[in-house]
Amino acid sequence: MKLLRRARRRVPVYGPDSTDTVLLSSVAAGETDALEILHRRHAPWLRARLRYRCSDHDQLDAALQETFLAVWRSAGSYTPRPGDDDAGAWLWTIAIRQLISQLRKRSNRWIAESEPEPYETVGDASAEDTVLLNIEHGPLGAALHGLSPELRSAIQATVLDGLTVREAAEILQIPEGTVKTRVMRAKARLREALTT
């Protein structure tokens, strides 16, 4: 019911082909149809990318739901960069934070139930990942593929995804010191691979 109590703002004209900026302005004005369009546009790639971080479908569903609830609540705070109407990066930031929040809840549950769930990296590439994959086909990509999975996941979480060491430690389920060590080793090996 709280969703329906939002004060009405001037609603821009929008449709399925509208830019993210227009849709978010409409969401900020209380248009649930605009939120649905945004969900249809972005939820599939967000889910695919989040699946790289967590294989628990319940956690993914919860994180995705919380992401779009956060979008509903904070659409008015979205400020597009000049000339860029794609809100993908903004949505990804919300989604990864929601996933971390879900994993923290699960972490607390582990203490109570002692039933840890395994991590698995699966999924399809998102539009953002496609850009990253293009990078990976260059010399940097070859060097990244030469890293061990542990080093690659640490550098991906901290450098490519922009997570803090603490957040990466939570997602990878390793101590913060281990993340720092792995990132340091990964950078050294990448430097060595790219200069030889």
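Predicted model: local features only at pLDDT ≥ 70, side-chain atom pairs only at ≥ 80, totals over all residues.
Local features need pLDDT of at least 70 and side-chain atom pairs count only at pLDDT 80 or more, while totals for chains, interfaces and linings use all residues. Residues are numbered from 1 along each chain as its sequence is written, and side-chain values use heavy atoms, with hydrogens and water left out.

## Overall make-up

The protein has nine helices and zero strands. Its pattern along the sequence is α-α-α-α-α-α-α-α-α. Helices (H or I, at least four residues) and strands (E, at least two) are DSSP runs, numbered from the N terminus. The protein has 196 residues, of which 38% count as buried. Buried means under 20% relative accessible area, exposed means over 50%, and partly exposed lies in between (1.4 Å probe, protein chains only). Take the contacts with a separation of 6 or more: residues 24 or more positions apart account for 61% of them. Contact means heavy atoms within 4.5 Å.

Two helix pairs are set side by side here. Axes are lines fitted to C-alpha atoms, for helices over the stretch in contact, and angles run from 0 to 180 degrees between N-to-C directions.

| Pair | Angle | Axis distance |
|---|---|---|
| α7 and α9 | about 100 degrees | 8 Å |
| α8 and α9 | about 105 degrees | 8 Å |

The angle of about 100 degrees makes α7 roughly perpendicular to α9. Helices α8 and α9 are therefore also roughly perpendicular to each other. The classes are these: under 35 degrees is roughly parallel, over 145 roughly antiparallel, 65 to 115 roughly perpendicular, and the rest oblique.

Helix α8 covers residues 165-172 and helix α9 residues 176-195. From α8, the contact uses Val165, Arg166, Ala168 and Ala169. From α9, Glu176, Val179 and Lys180 take part. By class, this contact has four nonpolar, no polar and three charged residues. Ala, Val, Leu, Ile, Met, Phe, Trp, Tyr, Cys and Pro count as nonpolar, Asp, Glu, Lys and Arg as charged, and the others, Gly among them, as polar.

The contact of α7 with α9 draws on Glu150, Leu151, Ala154, Ile155, Thr158 and Val159 in α7. Their partners in α9 are Val179, Arg182, Val183, Arg185, Ala186, Lys187, Arg189 and Leu190. Here the classes are eight nonpolar, one polar and five charged residues.

Helix α7 spans residues 149-160, and its buried residues are Leu151, Ala154, Ile155, Ala157 and Thr158. These residues cover an arc of only 165 degrees around the axis, which puts them on the same side of α7. The arc is that of the directions from the helix axis to the C-beta atoms. An α-helix has 3.6 residues a turn, so residues three or four places apart point the same way. The buried residues of α7 pack against α6 (139-145), α8 and α9.

Ala154 lies in α7 and counts as buried, at 0% relative accessibility. Leaving out residues up to four places away in sequence, Ala154 touches Leu172, Val179, Arg182 and Val183. Ala154 and Arg182 are 28 residues apart in sequence, yet 6.2 Å apart in space, C-alpha to C-alpha.

In α8, the buried residues are Glu167, Ala168, Ala169 and Ile171. Gln173 follows α8, with a phi near 60 degrees.

## The aromatic pair

The structure holds one aromatic pair. Tyr78 and Trp90 form it, in a tilted arrangement: 5.0 Å centre to centre, with 55 degrees between the planes. Rings of Phe, Tyr and Trp (its six-membered ring) pair if their centres lie within 6.5 Å; planes under 30 degrees apart are stacked, over 60 edge-to-face, and the rest tilted. Tyr78 lies in the loop between α3 (57-74) and α4 (88-113) and Trp90 in α4, so the pair ties together parts that are 12 residues apart in sequence. Tyr78 counts as buried at 12% relative accessibility, whereas Trp90 counts as partly exposed at 22%.

## Two further residues

His57 is found in α3 and counts as exposed, at 52% relative accessibility. The C-alpha atoms of His57 and Arg47 are separated by 9.5 Å.

Val22 sits in α1 (residues 20-28). Val22 is partly exposed, with a relative accessible area of 26%. Not counting residues up to four places away in sequence, Val22 touches Pro12, Val13 and Tyr14.
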